[in-house]
Amino acid sequence: MRTYHSNEIGNVVVLGHSGSGKTSVIEAMAYRAGISNRIGNIKDGNTISDYSPEEIQKQSSVGLSVIPLEWNHCKINILDTPGSFDFVGEVEAALKVAESALIVVPATRGISVGTKQAMHQAQDKGKMIYISGLDYPNAEYKEKLEELKMTYGKAIAPIQVPIMEGNKMVGYVNVAKMEGRYFEGEQTHACPIPDNMWDEIMPIKDMIDEAVANTNDELLEKYINEEPFTKEEISWALRQGVMNHSLIPVLCGTNQIGIQIVLNSMVAFFSAAGDMVNSMVVKNIDTDEDDLIGFDESLAPSLFVFKTIADPFVGRISLLKVCTGHIYTGMSLYNVQKKEVEKIMKGKDLIEVDELCAGDIGALSKLTYTQTNDTLCTLDYRIVYEPIHFSHPYFGKSVIPVGKSNEEKITNAISKLLEEDQTLKFVNNPETKQQCLYGLGDIHIDTVVTKLKTRFKIDVKLDNIIIPYRETIRGSVTHRYKYKKQSGGHGQYGDVEITFEPSHDYEKPYIFEEKVFGGAVPKAYFPAVEKGLIEATKTGVLANYPVLGLKATLIDGSYHSVDSSEIAFKTATIMCFKEALPKAKPTLLEPFVTLHVYIAEQYTGDIMSHFNKKRARVMGSDILEDGMIKITAEAPQAEVMNYAVDLRSMTQGQGFFDMEFLGYEFAPDLVQKQVIEARK
Ligand SMILES: Nc1nc2c(ncn2[C@@H]2O[C@H](COP(=O)(O)OP(=O)(O)OP(=O)(O)O)[C@@H](O)[C@H]2O)c(=O)[nH]1
Ligand SMILES: [Mg+2]
């Protein structure tokens, strides 16, 4: 592959519902562009894009992949993404480096949740829609097109209309050029527009002409004077429309045919990386100001790492987009975040080119310090690119390694997977002794389990995360306990009278005071009493959860000049606690979290009534600048453990949220009963 310049490079993210046919259409593009000499398919697990064992097993994409194609003297880096919401982190990374988006809509299903999500994700990019699967017997091209028009209005521009014979697509009319083409094997040849299609074609042609007329005064005058536009004028105008987001060309075909026009249209209508529309703001570290820069080859070199792959054989592979200048093997660049210098080396089987220009995407191996979201640049022009804001993981499961050898290997393996995937989190909880893995949903976590098995040969089981309940008291009680042992020689003697009452401070296990009169318990033994409290509050009397919010006042006691000891007073305190607390209205505390949920207005009702069912309190709702609604609620943690999945199904995948620990509150009787029962 030759070196391409920024005005010859385009980066296109392919988006759409899971199973809409993204990977398949990309496979066909790669074949047409001569990258491969056969079209692989999902069922045989031999596509260029879905190559990992997990993807072959699931017959579905799991990670993003980059497929560079050469077409019409340009380089198009196609970014294939998984449609499943659980892998949205991969989409977020791909969106960061793509200037344009191709959205795949299946002719059998039409506008699904995934389509809406894709249109939303690509709202600030030039877009094209590909209606795929026209070979299915139940394909409904016209209905899907109508649906698109209803949903997205005038922007929808079906520049290609299929010529159907029964259920079979045998060719198409290119409405921009007003010419028909028939399929003949892998080739197409020109044909007249079929007579029965003029009624369908003319309104579309009128719509395109209108759009062309609206792009500038010169063309408007031509339109008013009823002069026909040239093909070049139409193409230029469509490109302007796509770049300013006022037009979304719609193409159609299958995973075998109709591919060439997609490739032609991407080159014709999508912006090149080097175009001014793709400028962005970066932070200049030396001046502490924001610089507006484009993908400009004349500037000092810089690059942004948008994805890391931990390959068990090759090691770390960093996927990057060159933002400015040129990068070439042998040069050194400075990692701004890590404050380290990295040498750019030619990776085995990875970089096939010696040089990459601004706007291009490539892969580097053997970077020592660099991770996803890092910027590499020169010391003369130190800048930082805005990081990818990945979705936060709130869906958790406890991971239990099967067998001793897996226990030892798991930390290392998971740390590699964490490096690859910024939407995963791994937390060791010493209290519950659980190793907790957090992700974006159940499929996400299950895929990690598969990766552990296939890549690292580690078997694990999953379990629910234990909710960290606490215990406290609501009443007060004064209790005396005398610990006395006489077993020959030295005895044990500790005697304490303690008042236990609520401290109302649920951030601390206890507050200790003493009001001992006349040295009934010598001062020297107060620390021993406190040690007893530290020990005792670790395990409550209801369900063995740690205790919070206790006030313990030592009011009386006695001692023995020979037999009293620190250990004796500590033991007396622990025993006193155990006997007293059941009489002080012990109560379970449950953890509460604050949720901020961001949704489109139409989902407000569903979100509110769902919160109601989950014992949550809605604290307020705000309308944000972009029209989104932000709802703040406080809810018991146990009720919102699956909120990632619940919110997705309520908002068709368009809502997002964050969650943080709020504090502890008294659990209602029913919850208390259930929790105590479960701990027996
Ligand atoms: N007949 C027919 N089958 C298709 C077409 N496009 C895709 N398929 C099949 O539909 C299934 C799903 O296609 P994929 O390409 O994996 O879909 P995807 O959008 O990449 O799915 P995810 O990676 O899960 O998001 C596969 O079995 C394909 O062979 C098409 O145009 N015609
Ligand atoms: Mg796929």
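I began with H245, which is partly exposed, having 15 other C-beta atoms within 10 Å. Here a residue is buried with 20 or more other C-beta atoms within 10 Å of its own, exposed with 12 or fewer, and partly exposed in between, with C-beta atoms placed from the backbone. I note that the model is predicted: local features need pLDDT of at least 70, side-chain atom pairs count only at pLDDT 80 or more, and totals for chains, interfaces and linings use all residues. Residues are numbered from 1 along each chain as its sequence is written, while chains are lettered from A and ligands numbered from 1 in the order in which they are written.

**Positive phi**

I looked up the backbone of H245 and found a positive phi of about 70°, although H245 is not a glycine. I placed H245 in the loop between α8 (231-243) and β11 (248-252); helices (H or I, at least four residues) and strands (E, at least two) are DSSP runs, numbered from the N terminus.

I then turned to K585, a residue other than glycine whose phi is positive, near 50°. K585 lies in the loop between α13 and β32 (586-599). K585 is partly exposed, with 13 other C-beta atoms within 10 Å.

**Helix α12 against helix α13**

I found that the axes of α12 (residues 526-536) and α13 (residues 566-580) come within 7 Å and cross at roughly 45°. Axes are lines fitted to C-alpha atoms, for helices over the stretch in contact, and angles run from 0 to 180 degrees between N-to-C directions. The two helices, α12 and α13, are therefore oblique to each other (under 35 degrees is roughly parallel, over 145 roughly antiparallel, 65 to 115 roughly perpendicular, the rest oblique).

I listed the contact residues: A528, V529, K531, G532, L533, E535 and A536 from α12, and E566, F569, K570, T573, I574 and F577 from α13. Contact requires C-beta atoms, placed from the backbone, within 7 Å.

**Helix α6 against helix α7**

I recorded that the axes of α6 (residues 198-213) and α7 (residues 217-224) come within 7 Å and cross at roughly 135°. That makes α6 oblique to α7. D209, V212 and A213 of α6 meet L219, L220 and Y223 of α7.

Leaving aside residues up to four places away in sequence, Y130 touches V25, L102, V104, L251, C252 and V262.

Technical notes:
Contact = placed C-beta atoms within 7 Å.
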